[in-house]
Amino acid sequence: MLSTLRISYKNHNKMTLLCCTTCQSYRNSSNKVGPSDANDQYIQKSIVPTFHFQKSLPRLPVPKLSDTCNRYLRAQRPILSDDEYSKTERFVRDFEKNDGARLQKELKDQDAKNSHTSYISKPWFDMYLSDRSPLPINYNPFLVFTNNEDSRYNDQLLRATNLVVSSVRFLRSLRENLLEPEVFHLNPKKSDTEFFRKFTRALPSAISWYGAYLMKAYPLDMSQYKNLFNATRIPSQGKDYLYQDISKKHIVVLRKGHFYTFEIIDNYGNYVDPALIYNCFKHILEQNEPSESPLGVLTTLERDRWAAVRQRLLETGNGDQLQAIDSALFAVCLDDGPTTEDHVPVVREFLHSDGTNRWFDKSFSLIVGPQYAGINFEHSWGDGVAVLRYFQDIHKDSNRRPIVRPESKPADQNILGYVKKLEFKLDEGTKKDVMDAKELYKKFTNSLDVGLYEFKTFGRNLCKTHRISPDCVMQLAFQLAHDKLARKHVATYESCSTAAFKHGRTETMRPCTIEAVKFCDLLRQKNQSDLDTIRKVIAECSKVHSDLVKDAAMGQGFDRHLFALNTLAKKNGMKVDLFEDPAFTKINRNILSTSTLSSDVVHLGAFGPVVSDGYGIAYSIWNDRLGAIVTNYKEHADGNGFITCLEEALNDLYKILK
């Protein structure tokens, strides 16, 4: 659970009591749709308890200081001049002997006193929650579901209902410890079996991880899963906090800037009559008058400014309304678009939209339009592992076991009194804040450029024939593309999960390696007659790349370690030359921020650039093709130019590998 949970509302039970009372009259409704046996209340009924491995998960290691220093220098070498590198090397070696040694001891002492968590967990939460930047584009990513092959199930009403029911099934399995534990199987044929499940279930939780390890299976941390539901990031001056109230059973639905709530779970923990859910959504979709003051756009503001506006909302009597939003299981945004085959408007709608039908502070929002559905999620509480698991599970469940079918749409019900519209008391100052936020956000989102590229000439299969990492090939393409575009090498970030450890978060893998630069230099010379030499360099790149990925996943990167040491230095008021070095700032300004999104249920997924002159690159690798979604700010980076150079880079790689 999160270490920072606060409740800041009065009379926060009023709405729940009202909804529970109303719900009683619908529970025994005869208008049932789809299967109704008890098993349908769960997405899974795992024989291994969800959190069975949690107690025995290994702790995230604090790397050796000497290893971190050497890794840091190796990552700096490709992006620094000789003079810059010599200066940085002196700082690093001095740090290793003096300030770093003292900070390392303090970090290890702290880590030993907090065996229930990881050394990175609290400072990483604090980093997210202290940043004052607006959430959309800067932090919140999105994922779009692949559509159902039977297009009738992509109907907005059907889809919203089925996704919500599958979400409750997921929630119930999670909270009753019946959701299958997340396990990475090194050899699935041997460990992803009934024997493995029965064997590990029989082991006490305190040693269960070791039993899985003996079978070359690695259980992953699942502590973040509890924060998926009933959670919201609350803006506060200087630093936000995470709020959660797991007693609440309602969702909040946004439609044209208005907010509606209704309960989707009854007093027994079951989802309510699906016909009721369907008709609630039907009623809300019929409300077509846009809000004159869509408060959701306020969540696009810089965090301190949003905190001030929110405080005014509380002071003018909107505490219950805000609490209803913040405590909701999750948000459902019913949109009117986009309805197009062009993917750029879809990316924009799910990444940022115009902000009027969003509440970006929610842990996640289900966004359901007439043609596409997906999620946008707030990033401070957790990472992609938990979100992707939820995303995949509800997609598969809603397609495999839809509770509402096209041929059995529910009859109309009188749901007045069950659906509650949230009415806000707004003074003129707040109304002006909303209008200002809309104008500011429009200017901000208009500055963003979005480009999509798909390369259909080769993919994973060709890489396998050369026994090289497909991920390395894609990252080499990014390095080569930027080299072609800007004639320089820059700090590059590839996200790597450390969920193999208790309360692990992420580690940075640095794809701009010495070997990658050597490859780019060879191709710049335009002397490709000796293809064997270039292939050998690519193989060398692949080995280094794979080793770096493995190190990062095993908690042996350098970024999080230095981040923790720097946090301690600031806390102690220490001025450390290494952290004052411009090279330290340079490597942490990730011009190329990348993350892979390869899943059979993800149609699209992306995020924004992390620096003004950088690129956000979400990429996918399939057997016979490659793809990327590139975001950048128009005035500061050339997205179209990067994509053109990326195509050239992939063609170069294909000529070498074919």
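I started from the record: the UniProt entry, which is unreviewed, carries the annotation "active site" on H379. The model I am reading is predicted, and the annotation may be inferred rather than shown by experiment.

*Entry 1. H379.*
I looked up where H379 sits in the chain. I found H379 in the loop that runs between β10 (373–377) and α14 (384–400). Next I asked: is H379 buried or exposed? Its relative accessibility is 16%, and buried means under 20%, so I noted H379 as buried. I then listed what H379 touches, leaving out residues up to four places away in sequence. The list reads Y128, Y139, N140, P141 and R505.

*Entry 2. Helices α5 and α20.*
Two packed helices are described by the angle between their axes and the distance between the axes. I looked up both values for α5 (residues 121–130) and α20 (residues 559–571). The angle is about 80 degrees, and the axes are 10 Å apart. That angle makes α5 roughly perpendicular to α20, because 65 to 115 degrees is the range for that word.

Which residues meet between α5 and α20? On the α5 side I wrote down P123, W124 and M127. On the α20 side I wrote down R560, F563 and T567. Sorted by class, the contact of α5 with α20 has 4 nonpolar, 1 polar and 1 charged residues.

*Entry 3. Aromatic rings.*
How many aromatic pairs does the structure hold? I have 33 aromatic pairs in my notes, and I looked at two of them, as follows.

Y213 and Y218 form an edge-to-face pair. I noted 5.8 Å from centre to centre and 75 degrees between the planes. Y213 has a relative accessibility of 42%, so I put Y213 down as partly exposed. Y218 has 25%, so Y218 also goes down as partly exposed.

For Y453 and F455, the ring centres are 6.2 Å apart. Their planes stand at 40 degrees, so I recorded the pair as tilted. Are Y453 and F455 buried or exposed? Y453 is at 13% relative accessibility and therefore counts as buried. F455 is buried too, with a relative accessible area of 3%.

I also looked up an aromatic cluster. Y72, F95, F558, F579 and F584 form one such cluster.

How values were computed:
Residues numbered from 1 in each chain as written. Predicted model: local features only at pLDDT ≥ 70, side-chain atom pairs only at ≥ 80, totals over all residues. Heavy atoms only, no water. Axes fitted to C-alpha atoms, helices over the stretch in contact; angles between N-to-C directions. Helix = DSSP H or I, 4+ residues; strand = E, 2+ residues; numbered from the N terminus. Parallel < 35°, antiparallel > 145°, perpendicular 65-115°, else oblique. Contact = heavy atoms within 4.5 Å. Nonpolar A, V, L, I, M, F, W, Y, C, P; charged D, E, K, R; others polar. Buried < 20%, exposed > 50% of the residue type's maximum accessible area, 1.4 Å probe, protein only. Phe/Tyr/Trp six-rings, centres within 6.5 Å; stacked < 30°, edge-to-face > 60°.
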